[in-house]
Amino acid sequence: MTPDHIREAFAFQAKACANLGSPFMGRLMQACADMPWPKGPVTTRIFTWEGDISPRGQSVPLRLAGALHALHLQGHSGLAKVYPSQEVDDQTLWAAIASTLHGEAVHIDAWLNSPPQTNEVRRAATLIAAGHVIADRFGLPVRTSELGASGGLNLHWDSYALDIAGQRFGSNTPALTLTPDWTGPLPPTTPPSVANRAGVDLNPLDPGNPEHALRLQAYLWPDQPDRLALTRAAIAAATTPVDQSDAIDWLADRLPHQHGQTHLIYSTVAWQYFPATKQAEGAAMIAAAGAQATEQSPLAWFGMENDGGERGAALTLRLWPGDVTLNLGRADFHGRWIDWAGA
């Protein structure tokens with residue numbers, strides 16, 4: 001790995017963080033790109049990393065950011081002097097980071113072993129809206145299957161509320177309330193009723209485990225306290241454990257139809273990370289199950305996923321019987337805004 005590749009990866013991540021509303025993370029990642037790194041095991045490991053360290057590959061910049069934020073959340077005194085809400089210049093920020101890279105090498109090295117694992121609760125706003133569409137269309141209780149569920153925080157989307165344009169959707173007694181910038185028509189008012197829920201992840205996290213709860217918070221960004229508060233509320237309300245398995249293998253056992261229930265399969269910025277062979281296998285499996293769906297055992301497949309568009313993620317809902325695809329609009333990857341096209 002050359003210094004140029006290191007600079008390019010961190011500079012790319014700096015721009016992405018700034019565009020997603022985190023000026024501090026933009027500065028931190030840019031400092032990693034521009035400043036001289038201290039000698040030590042962390043520097044050696046990152047500068048000799050094999051493979052693509054960028055966000056398009058193994059996301060090493062976000063691995064490092066998560067390790068540092070975890071230390072800050074645990075009360076690290078050196079980082080407390082430079083992390084939000086403190087305001088310091090870039091030299092002072094980097095001096096604290098360089099000292100931490102040296103002094104906390106064992107902790108940071110351990111966190112570098114694992115890819116970032118976010119469970120962005122604000123994405124549940126799209127699930128609430130899609131749930132209302134599905135309930136309005138079929139009028140049946142819903143059985144949900146989340147692929148790439150991480151810590152399972154978005155398994156409980158129906159216990160959250162969506163507050164838009166002066167109207168509330170979702171739970172009447174919500175564990176948390178989501179307020180994205182909303183454009184377009186409002187969802188149908190028919191509320192969904194979830195009768196059964198389950199989720200799967202290759203490396204599931206348990207929100208009830210303090211170490212796992214720390215990981216769910218560490219990959220958030222330090223200058224976004226509202227995002228952290230929502231995640232903490234979701235952690236406190238989480239009750240459904242996530243199964244550990246390959247998502248497509250797991251789904252095969254969930255696909256048989258249940259009479260009198262709509263089966264909702266969904267993912268939020270997760271499908272894109274599945275291997276291409278698994279994507280093809282999963283899509284064929286879901287379509288085959290859809291071909292057997294009836295009005296009393298319908299199937300819905302919702303995705304909030306990157307389609308290569310210039311702005312946010314595509315919101316796509318495929319419904320059976322009939323194999324109808326609804327392009328519901330687009331959403332910010334972190335759920336800050338939703339441009340709803342309607343059903």
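How are helices H2 and H6 oriented to each other? In this predicted model, H2 (residues 23–34) and H6 (residues 90–103) pack at an angle of about 70 degrees, with their axes 10 Å apart. Because angles of 65 to 115 degrees count as roughly perpendicular, H2 and H6 are roughly perpendicular to each other. On the H2 side, the contact is formed by Phe-24, Arg-27, Leu-28, Ala-31 and Cys-32, which meet Asp-90, Leu-93, Trp-94 and Ile-97 of H6. By class, this contact of H2 with H6 comprises seven nonpolar, no polar and two charged residues.

Nonpolar side chains tend to be buried together in soluble globular proteins. Here, the largest nonpolar core has 45 residues, and Phe-302 and Leu-317 are those with the most contacts inside it. Helix H8 (residues 124–138) gives the most to this core, contributing nine residues. Residues up to four places away in sequence aside, Phe-302 touches Thr-126, Leu-127 and Ala-130, the run Leu-264, Ile-265, Tyr-266 and Ser-267, and also Leu-315, Thr-316, Leu-317 and Leu-328. A second, separate core of 44 residues includes Met-29, Leu-71, Ile-108 and Leu-112.

Two loop residues were examined for burial and contacts. His-76 is situated in the loop between helix H4 (60–73) and helix H5 (77–80). With a relative accessibility of 17%, under the 20% limit, His-76 counts as buried. The side chain of His-76 makes a polar contact with the side chain of Glu-104 at 3.5 Å. Beyond its neighbours within four places in sequence, His-76 is in contact with Leu-71, Thr-100 and Glu-104. Ser-150 occupies the loop between strand E1 (142–147) and strand E2 (161–164), and at 3% relative accessibility this serine also counts as buried. Among the residues in contact with Ser-150, leaving aside neighbours within four places in sequence, are Gln-117, Thr-118, Asn-119, Asp-201 and Val-242.

Arg-168, by contrast, is partly exposed, with a relative accessible area of 43%. This arginine lies in strand E3 (residues 167–170) and, sequence neighbours within four places excluded, is in contact with Ala-161, Leu-162, Asp-163, Pro-174 and Thr-177. The C-alpha atoms of Arg-168 and Ala-135, 33 residues apart along the chain, are separated by 16 Å. Ala-341 is found in the segment after strand E12 (337–340). Apart from neighbours within four places in sequence, Ala-341 is in contact with Pro-185, Asn-327, Leu-328 and Gly-329.

Most residues other than glycine have a negative phi, and most peptide bonds are trans. Several sites in the model depart from this pattern. A cis peptide bond joins Pro-84 and Ser-85, with omega of about 15 degrees; Ser-85 belongs to the loop between H5 and H6. Trp-320 and Pro-321 are likewise joined by a cis peptide bond, with omega of about 5 degrees, and Pro-321 lies in the loop between strand E10 (313–320) and strand E11 (324–331). The loop between E10 and E11 also holds Asp-323, whose phi is near 50 degrees, a positive value in a residue other than glycine. Asp-323 counts as partly exposed at 37% relative accessibility. Ser-59, in the loop between helix H3 (41–47) and H4, has a positive phi near 50 degrees. At 12% relative accessibility, Ser-59 counts as buried.

Methods
Residues are numbered from 1 along each chain as its sequence is written. This is a predicted model: local features need pLDDT of at least 70, side-chain atom pairs count only at pLDDT 80 or more; totals for chains, interfaces and linings use all residues. Side-chain values use heavy atoms; hydrogens and water are left out. Axes are lines fitted to C-alpha atoms, for helices over the stretch in contact, and angles run from 0 to 180 degrees between N-to-C directions. Helices (H or I, at least four residues) and strands (E, at least two) are DSSP runs, numbered from the N terminus. Angles under 35 degrees count as roughly parallel, over 145 as roughly antiparallel, 65 to 115 as roughly perpendicular and the rest as oblique. Contact means heavy atoms within 4.5 Å. Ala, Val, Leu, Ile, Met, Phe, Trp, Tyr, Cys and Pro count as nonpolar, Asp, Glu, Lys and Arg as charged, and the others, Gly among them, as polar. Buried means under 20% relative accessible area, exposed over 50%, partly exposed in between (1.4 Å probe, protein chains only). A polar contact is a pair of N or O atoms within 3.5 Å; within protein, one must be able to donate a hydrogen and the other to accept it, and residues adjacent in sequence count only if both atoms are side-chain atoms. A nonpolar core is a set of buried Ala, Val, Leu, Ile, Met, Phe, Trp, Tyr and Cys residues joined through side-chain atoms within 4.5 Å.
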